[in-house]
Amino acid sequence: MKNNIYQNWQYNVNVTRREANFEVIPPLNLVEKTPKILYKFYSLSDNAVDALTNLYVYASHPFQLNDPLDCCNDIIQIDDQESMRVLWGNLYFKFCKQYPNMDSRIKASSEAFSTIIFRKWGILSLTSEWNSETMWSLYAQNTGFRVGFNVSQFPFSYKGPFPINYCDHLQPIKSSIYGVQTAALIQTNVKHSCWSHEHEWRLLVICPDGVDMQTYGYDAQSYNRPDDHSRKYHYPFKAISSITLGCDFFKEAQSEHRLHVIGINELNVMYNEECLQTKLLDFLHEAQQKYSLKVLLATANINSFNDIPLSIIKVGEYSYRLLEL
């Protein structure tokens with residue numbers, strides 16, 4: 001029987017003909033209730049604005065994550081024959097001919113693990129830490145925005161959300177001890193303790209049946225096909241709980257009044273041409289009219305960030321009136 005304990009956390013994978021059920025269980029002293037709303041911080045970039053205005057999230061491959069040790073491929077060791085059969089599937093016998101001895105098979109299988117496994121999975125990183133100066137600065141650069149998601153409204157298939165197991169020392173994950181599926185689950189849900197301030201929760205997004213996602217890494221060019229899934233997963237508007245603009249979002253706008261820490265009351269802002277800010281403000285204006293979307297503005301004072309509820313009214317081609325609610 002395979003082990004399912006890693007760094008005092010329990011990882012359960014139950015695979016049936018119909019589906020695979022994943023479970024991550026922290027030690028009793030660390031168990032916390034899964035938040036109903038989880039948050040994602042976005043920088044003010046083309047990709048981020050496109051994702052929000054077109055209502056999709058991106059299910060990342062491990063090689064796209066910002067922490068080089070996050071889901072690190074080197075932590076995985078495929079060191080038994082049974083796991084190699086599972087990993088390579090129909091390519092197993094061809095693989096054995098190409099790598100005739102066990103040492104070369106272990107090396108090749110371990111290197112190819114993330115490339116193969118994450119054809120079917122993607123990672124969506126979220127946080128319960130909504131009011132964090134560090135998160136605003138690191139991920140949104142204070143000019144971006146934060147989206148609150150009700151993940152239960154996501155229509156695509158996913159596992160989780162799972163809390164991250166923050167460890168002082170990351171230990172190798174051997175397939176001979178855990179098996180392929182459990183090894184992959186552990187790999188996606190452990191990070192070094194220096195990241196614990198992020199209070200991260202993760203969804204493992206599952207690719208639709210019969211479809212693969214674009215992959216990266218070891219020999220990826222031999223796997224990718226033109227019809228691969230784009231890693232973009234769309235959701236309905238009801239999955240959005242709130243959208244908060246960073247405290248420096250309007251930094252480049254022309255305005256009649258200055259933003260104040262204690263509130264704005266009314267602010268008229270104008271831009272000279274279409275830009276990322278106007279694309280996002282147009283979207284927010286329409287969403288408030290149609291869906292009564294909750295929009296806020298983060299304001300910073302000497303001790304904390306505070307959120308001010310806003311009404312955004314489009315009054316010209318690139319001009320807007322902001323009313324504090």
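These legends describe close-up views of a predicted model. Local features need pLDDT of at least 70, side-chain atom pairs count only at pLDDT 80 or more, and totals for chains, interfaces and linings use all residues. Residues are numbered from 1 along each chain as its sequence is written, and side-chain values use heavy atoms, leaving out hydrogens and water.

**View 1. Cys 71 and its closest cysteine sulfur, in Cys 72.** A disulfide is a covalent bond between the sulfur atoms of two cysteines. Here it is counted as a pair of cysteine sulfur atoms within 2.5 Å. The structure holds zero disulfides. The sulfur of Cys 71 lies 9.2 Å from that of Cys 72, too far for a bond. Cys 71 is also buried, at 2% relative accessible area. Buried means under 20%, exposed over 50% and partly exposed in between (1.4 Å probe, protein chains only).

**View 2. Cys 167 and Cys 194.** For Cys 167, the closest cysteine sulfur is in Cys 194, 11 Å away. That is too far for a bond. Cys 167 is buried, with 4% relative accessibility.

**View 3. Helix α1, residues 46-53.** Helices are DSSP runs (H or I, at least four residues) and strands are too (E, at least two), numbered from the N terminus. Ala 48, Val 49, Ala 51 and Leu 52 are the buried residues of α1. They share one side of α1, because their arc around the axis is only 160°. The arc is taken from the directions from the helix axis to the C-beta atoms. Asp 46 and Asn 47 are exposed, on the face turned away from the buried side.

**View 4. The end of α1.** Just after α1, Leu 55 has a positive phi of about 55°.
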